[in-house]
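Please consult the sequence and the structure while working through them.

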Amino acid sequence: MAEAEILQPFELSFSDLLLSSRFHSSSPRDRKRCQWISRNVMEALGPTGPGLLCITGVLGSALLRRKLLPMARKLALLDPDKRNRILKEHHLGSDVPLKNPERDVSSFAMKLNYERTSLSSQGKLWYDDANYGIGAKLDFQEDDDDDEFKNLGGAFKELGFCMRELGLSIARLCDREIGGGLLEESLLESCTAKGRLIHYHSAADKCALREAERRNQSGKRVSSKRRDKIASEQEMNHRNGTALSECTLMSSHSYLRIYHPSNNKFYMVKTPQDSFIVQIGESADILSKGKLRSTLHCVCKPEKVEHISRETFVVFLQPKWSQTFSVSEYTMEQLQRHEVPQTEIQKIVPPLSSRLRDGMTFAEFSRETTKQYYGGSGLQSNRS
């Protein structure tokens, strides 16, 4: 596969996002600015755009991310019994088999449930009135080793609900341009989102997991003191690797790879540090009757820096499970633009037209999509 070109998506500042949410009460000057914001957002998320944008300058997010993201790696390499206790204590689970020492990724998930009466409907984010930003109420004092996960659950929810609000704000802006108000309403009616704290393993991480598994299998369990020593050595390797590439690689690239059908090209997404990527999913594409674009994507490994591990935090917004999809207004041309001409992608991505039927609920569409991707005969069921 050819090396992907770099894509720098439209950057939407948080202040502009707040301004756009107050469109109807804006001054003439601000309203003109709002129109410019809306036009660029729709160009980025519309049928000829890449299907994503990034939001910058969210107050308090940088500190919160720097505290939360490193916990992903620590959890991934933690003694399984201790990890299970910590996950249970903070109401987290996992959607990958953590017992497999050969895994490439460790993921820790939580449902983010909320009430139907959201602050988003009032056109504002859920910051406290003093505008200290997210994470302001969490205690980020230096913790001892036994209490290093004290803020895990709180930071997870704080960042998760902030990202949910950012997504709802974008949905509201799109609704204003598309008409109908369906996108934000469908998300609010679901009353749930899913957050995932993800650690992508480096070669050193996988080596540490294999060593721990080998010792366990031979009946020689690693003592807590010895395990901490191993983790400390791996952390040193991790930090050295990151420092070597911090400016040229880790702060420049998200390692999110997308396929842009309008250009028939692959792109590697490059965003500013501490920004949030907002990406359109297939449900939003369907509900908007093709006025928004969902883009094929995957997360890639850094090919030449195998000793660098990465962490990310993702929030998935969805309509309610009983939401019905009407595709009667979809034209054949709109469905065909989801068909990928490159044969290598066709082998791993089932076309939307084979998964979508008129009158389907979101639950039925999700089951069919999962089946065609990962079922017994799914296109990705036998991939390594």
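The exercises below start with the whole chain and then turn to helices, strands and single residues.

**Exercise 1. The chain as a whole**

Task: State how many helices and strands the chain has, and what percentage of its residues count as buried.

Solution. The model is a predicted one. Step 1: the chain has 13 helices and 10 strands. Step 2: of its 384 residues, 48% count as buried. Step 3: for contacts between residues at least 6 apart in sequence, 75% join residues at least 24 apart.

**Exercise 2. Helices α1 and α2**

Solution. Two packed helices are described by the angle between their axes and the distance between the axes. Step 1: for α1 and α2 the angle is about 110° and the axes are 9 Å apart. Step 3: their crossing is left-handed.

Step 6 concerns the burial of α1, which spans residues 14–21. Its buried residues are Phe-14, Asp-16, Leu-17, Leu-19 and Ser-20. The elements that cover them include β2 (11–13), α2 (28–45), β3 (52–56) and α5.

**Exercise 3. Two partners of helix α5**

Task: Describe how α5 packs against α3 and against α6.

Solution. Step 1: the axes of α3 (residues 61–76) and α5 (residues 152–178) come within 10 Å and cross at roughly 125°. Step 2: that angle makes α3 oblique to α5. Step 3: α3 passes α5 in a left-handed crossing. Step 4: on the α3 side the contact is made by Leu-64, Arg-65, Leu-68, Met-71 and Leu-75, and on the α5 side by Leu-152, Ala-155, Phe-156, Glu-158 and Leu-159. Step 5: this contact has eight nonpolar, no polar and two charged residues.

Step 1: with α6 (residues 182–190), α5 packs at an angle of about 145°, and the axes are 7 Å apart. Step 7: Arg-164, Leu-168, Ala-171, Arg-172, Cys-174, Asp-175 and Ile-178 of α5 meet Leu-182, Leu-183, Glu-184, Leu-187 and Leu-188 of α6. Step 8: by class, the contact of α5 with α6 has eight nonpolar, no polar and four charged residues.

**Exercise 4. Strand pairing**

Task: Give the strand order of the four-stranded open sheet, and determine how β3 and β8 pair.

Solution. Step 1: the open sheet has the order β1-β7-β6-β9, and its pairing is mixed. Step 2: the edge strands are β1 (5–7) and β9 (297–299), each of which pairs on one side only. Step 3: from one strand to the next, the twist averages 35°. Step 4: β1 and β7 (residues 265–269) run parallel and are joined by three bridges; Leu-7 stands opposite Val-269 in β7.

Step 1: β3 and β8 pair in the antiparallel sense over four bridges, and Leu-52 stands opposite Gln-279 in β8. Step 6: β8 (residues 276–279) has a covered face with Phe-276 and Val-278, and an uncovered face with Ile-277 and Gln-279.

**Exercise 5. Two single residues**

Task: Decide whether Met-163 and Gln-323 are buried or exposed, and list their contacts beyond four places in sequence.

Solution. Step 1: Met-163 is found in helix α5. Step 2: buried means under 20% relative accessible area; Met-163 has 17% and is therefore buried. Step 3: its contacts beyond four places in sequence are Phe-276, Phe-313, Val-314 and Val-315. Step 4: Met-163 and Phe-316 are 153 residues apart in sequence, with 9.4 Å from C-alpha to C-alpha.

Step 1: Gln-323 lies in the loop between β10 (310–317) and α10 (332–336). Step 6: because its relative accessibility is 11%, Gln-323 counts as buried. Step 7: beyond four places in sequence, Gln-323 touches Ser-186, Leu-287, Met-360, Thr-361 and Phe-362.

Definitions and conventions. Residues are numbered from 1 along each chain as its sequence is written. This is a predicted model: local features need pLDDT of at least 70, side-chain atom pairs count only at pLDDT 80 or more; totals for chains, interfaces and linings use all residues. Side-chain values use heavy atoms; hydrogens and water are left out. Two strands pair if DSSP finds at least two bridges between them. Helices (H or I, at least four residues) and strands (E, at least two) are DSSP runs, numbered from the N terminus. Axes are lines fitted to C-alpha atoms, for helices over the stretch in contact, and angles run from 0 to 180 degrees between N-to-C directions. Buried means under 20% relative accessible area, exposed over 50%, partly exposed in between (1.4 Å probe, protein chains only). Contact means heavy atoms within 4.5 Å. Angles under 35 degrees count as roughly parallel, over 145 as roughly antiparallel, 65 to 115 as roughly perpendicular and the rest as oblique. A crossing is left-handed if the near helix is turned anticlockwise from the far one by less than a right angle, and right-handed if clockwise. Ala, Val, Leu, Ile, Met, Phe, Trp, Tyr, Cys and Pro count as nonpolar, Asp, Glu, Lys and Arg as charged, and the others, Gly among them, as polar.
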